[in-house]
Amino acid sequence: MRNYLLLYINGKKHTIDKTNARKNLSEYLRENLNMKGTKIVCSEGDCGACTVLVYRYATKEKSSFETINSCIAPLYLLDCCHIITIEGIEENEILHPVQEAIAKHHGTQCGFCTPGIVNAMVSMSDSLIKNNEQISEKKIKNFTTGNLCRCTGYKGIINAGLSLDLKEITPLFQRYNTQNIQDDFGITFGQEVEIFDDENDVKIVLPTTIEKVLELKSEGFQLISGGTDIGVLLNKGYLKSNYIAVLTNIKEFYTVEDNENFLSFSPMVTLSDVEKHSTNEFPEFSNNLKVFASPQIKHKGTLIGNIANGSPIGDSIPFLYVSDARLELSSMTNKREVLLSQFYLDYKKFDLKSDEIITKVKIPKSKKSFKLYKVSARKDLDISAVSLAVGYVLEENKIIDISIAYGGVAGTVYKAEKIEKLLCGKEISENLFKQGTLEIPNLIQPFSDHRASKEYRIKLCQNLLMKFYQEISQSIQIKEEL
Ligand SMILES: Cc1cc2nc3c(=O)[nH]c(=O)nc-3n(C[C@H](O)[C@H](O)[C@H](O)COP(=O)(O)OP(=O)(O)OC[C@H]3O[C@@H](n4cnc5c(N)ncnc54)[C@H](O)[C@@H]3O)c2cc1C
Ligand code: FES
Ligand code: FES
């Protein structure tokens, strides 16, 4: 048992006690360590100014450092992690090739975003080296999606990325992953952490077993996995939680199971890992995750966190509806499975007892194909106004099976059963789908908010259904021509 957290920052050991355990990493770096290179702008995970790189011992087999937003990362989420900040990027006072390139190609002006952009680009170059891939403009854009620059313009930044010679770069994992640090994490990781601050009535527990986390849940502790939903609420003071159970140190919670019947993910599997593991079996879902938030958020946020947060605009949920995904729910005395589509009872009301937690999401492998659509004000790093997921089986021109789920139109994701019934068993035709779109205004009464008006949401639902029709009819035509 420990009453402190263990972190390494730029190769140096730090132990954190109750005084600082709840501080965000960005504040700790700037205020306690006087490392001012990490900037804070939005405190919401949106701008990337606070980007740092993290290696997590629990997923040591990844052998890499990944970007996260340090402004929504309380230190208790980073136990047994090694963090590299902008101060740790240069080597022996010689600038990293990424830093050189940014300077040479005028990729910085006021400089406020620059540490975050350099760190995102270091993560890109390390990942390309590891996977034996080449630099491209698309990759630079993908890796820097979570980094906003308000004054330079992105041309200089992209040119800097394109000019990199990967052969000149030594990946951070090679530079920083020493045997001493590994040994230290190896000894420490399996120890449960309990940080009690009686004066402020705060209890933070990092259990190492499922049994212990279930016990904590039954005692009313607030669960936290990646903290990308809760972290924002805590920063903005919308949530006050003094009893916190952190899921990061339960090794089994990083399990991905891929067998002939289903693909399943445990609570600590991050969205970026789900994106990778879904590529073969559910490519449409994997592609859809490419426009989910930013790399920084996906390296920390989890699929089960998205499900448990239960927002009707949560991007993974419509797909999980139409793929007939099931949730495993566990308590100290029971384990049960529910269909995800029956888990959501009303806005943020779930079929989840106060002592239960989600221990798995299982996506069945079936004959269904999928089409997923997300409409948001901008393509990247934005929340959907409306989304549509369709799971379907076709036999030549006939629809044998179809499931349709809309996000963003009601308190929960909406399953359009009436339209499913109308389409199922019929030959595909424009008229048939037009009939379906006519049903939509009778079926949904979306809300108006700053993202979209009610009328616009209805129109989007209709247009997305027609888009689905056009895409499948085109693919049938192509098959017939072959
Ligand atoms: C900048 C930014 C951009 C974002 N963009 C998107 C986006 O494009 N699309 C989108 O859908 N979301 C987006 N989000 C929301 C968020 O990233 C996701 O919902 C993410 O999947 C949450 O996962 P987490 O692990 O961080 O959850 P946490 O914040 O740790 O937890 C979320 C909730 O789940 C509960 N919980 C966690 N694990 C369990 C469990 N095992 N059993 C029961 N309850 C549990 C927690 O108690 C909490 O109530 C964004 C967030 C930010 C900050
Ligand atoms: S300060 Fe904007 S993402 Fe952290
Ligand atoms: S250089 Fe000023 S915000 Fe990017």
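Author: Two residues are in contact if their C-beta atoms, placed from the backbone, lie within 7 Å. The model is predicted: local features need pLDDT of at least 70 and side-chain atom pairs count only at pLDDT 80 or more, whereas totals for chains, interfaces and linings use all residues. Residues are numbered from 1 along each chain as its sequence is written, and chains are lettered from A and ligands numbered from 1 in the order in which they are written.

Reader: With which residues is Ile 358 in contact, leaving aside its neighbours within four places in sequence?

Author: Ile 358 is in contact with Pro 267, Ile 304, Ile 307, Ala 308, Leu 327 and Leu 329, once neighbours within four places in sequence are left aside. Ile 358 sits in strand S16; strands (E, at least two residues) and helices (H or I, at least four) are DSSP runs, numbered from the N terminus. Gly 305 is 53 residues from Ile 358 in sequence, and the two C-alpha atoms are 9.3 Å apart.

Reader: Why is Ile 358 called buried?

Author: A residue is buried if 20 or more other C-beta atoms, placed from the backbone, lie within 10 Å of its own, exposed if 12 or fewer, and partly exposed in between. Ile 358 has 23 other C-beta atoms within 10 Å, so the residue is buried.

Reader: What makes Ala 293 and Asn 92 buried or exposed?

Author: Ala 293 has 24 C-beta neighbours inside 10 Å and therefore counts as buried. Asn 92 has 4 such neighbours inside 10 Å and therefore counts as exposed. Ala 293 lies in the loop between helix H11 (283-290) and helix H12 (295-298), and Asn 92 in the loop between strand S5 (81-84) and helix H2 (97-104). Phi is positive in Ala 293, at about 45 degrees, although this residue is not a glycine. Asn 92, also a residue other than glycine, has a phi near 50 degrees.

Reader: And why does Cys 47 count as buried?

Author: Cys 47 has 24 C-beta neighbours inside 10 Å, so it counts as buried. Its place is in the loop between helix H1 (25-32) and S3. Not counting residues up to four places away in sequence, Cys 47 touches Val 41, Cys 42 and Leu 148. Cys 113 is 66 residues from Cys 47 in sequence and 8.3 Å away in space, C-alpha to C-alpha.

Reader: Why is one side of S6 and of S8 left without a neighbour in the sheet?

Author: Two strands pair if DSSP finds at least two bridges between them. The open sheet concerned has 4 strands in the order S6-S7-S9-S8, with mixed pairing. Strand S6 (193-197) and S8 each have a single partner strand, so they stand at the edges with one side lacking a neighbour. S6 and strand S7 (residues 202-206) have 5 bridges in the antiparallel sense. In one of these places, Asp 197 has Val 202 in S7 as its bridge partner.

Reader: How many residues of domain 1 are in contact with domain 2?

Author: There are 15 residues of domain 1 in contact with 15 residues of domain 2. On the side of domain 1 that touches domain 2, S3 gives the most, with 3 residues.
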